[in-house]
Amino acid sequence: NIEAIASAAEGTTPAVYVVGSLTGGTSSGMYIDVVYLLRHLLDQVGLEEVEILSMLATSAFETDPAHPLALHDSQAALMEMHYFLQAGNGYPGDSGAGWPSVPAARTPLRDVYLVADRVRGCNAPTPIETITDYVWSDANGGGDLLSAARKLAIKEDCSVTPPSLRSVGVVPLADLRFAQQKPLAPVVVRELLVRWLGL
C-alpha cells in the first residue's frame with residue numbers, strides 16, 4: 001500500500017509508474033480516475049514531490065478491421081486527458097466511489113507517454129517491449145537522464161505550462177551480448193582452466 005511505500009522510501013524518492021493500454025478494456029476508461037486517486041494518496045502520505053510516470057500503449061494509427069474501436073477508445077481517453085490538462089480543470093472526484101477531488105495544480109498528467117503500436121509490415125518494437133525497456137532504463141541508471149528529458153523549456157514570459165503529451169522509442173546502440181563478451185571471456189576461460197587443473 002501507499003503507506004508502506006512512504007515508510008520504505010526513508011528520504012529517497014520512489015519511482016511510480018502507471019502502465020496500461022488506451023485501446024479498450026479498463027485502462028482507457030479507468031485511467032483518469034486511477035491516476036488522480038494515486039496522486040491524492042501519494043500527497044496524503046507526504047510524497048508530494050513524487051512524479052507519476054504513465055506509460056500508455058495504443059494501437060497503430062491506421063485502420064484495423066480486426067479492432068475497429070481501438071482508435072476510438074484511444075481518442076476518447078486522449079480527449080479526456082486534454083480536458084484535464086487545461087488550466088483550472090481539476091478532477092471533480094467520484095462521490096459514489098468515495099474518491100476525493102484533486103485541484104488542477106496537482107494534475108498527474110504532466111508525465112504521460114503514449115506508445116503507439118507498429119504499423120503492419122514494420123519491424124519496430126511492440127509497445128510492451130518499448131515500455132519495458134523504458135522502465136528498466138529509468139530504474140537502472142538512466143533515471144537522471146530521462147528525468148532531464150522530461151523537463152519542459154518554459155519561456156520567461158509564460159507562467160503556464162502548455163498541455164503536452166510525449167512519445168518514446170527505444171533504439172539499441174549495440175549488441176549488449178557482444179559488449180559483455182569481450183571483457184568476460186578471459187575471466188570465464190581462466191575460471192575453466194583453474195577448475196580443469198585443480199588449482
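Asp 43 and Arg 39 form a salt bridge in which the closest N and O atoms are 3.1 Å apart; a salt bridge here is a side-chain nitrogen of Lys or Arg within 4 Å of a carboxyl oxygen of Asp or Glu. The model is predicted, so local features need pLDDT of at least 70 and side-chain atom pairs count only at pLDDT 80 or more, whereas totals for chains, interfaces and linings use all residues. Residues are numbered from 1 along each chain as its sequence is written, and side-chain values use heavy atoms, with hydrogens and water left out.

Asp 43 and Arg 39 are separated by about one helical turn because they stand four residues apart in helix H2 (residues 26-44). Helices (H or I, at least four residues) and strands (E, at least two) are DSSP runs, numbered from the N terminus.

Asp 43 also forms a salt bridge with Arg 106, with the closest N and O atoms 2.7 Å apart. Because Arg 106 lies in the loop between helix H3 (70-84) and strand E3 (112-116), while Asp 43 lies in helix H2, this pair ties together parts that are 63 residues apart in sequence.

Arg 106 is partly exposed, with a relative accessible area of 28%. Buried means under 20% relative accessible area, exposed over 50%, and partly exposed in between (1.4 Å probe, protein chains only).

Elsewhere, Ser 54 is placed in strand E2 (residues 52-58) and counts as buried at 0% relative accessibility. Leaving aside residues up to four places away in sequence, Ser 54 touches Val 18, Tyr 31, Val 35, Asp 111, Val 112 and Tyr 113, contact meaning heavy atoms within 4.5 Å.
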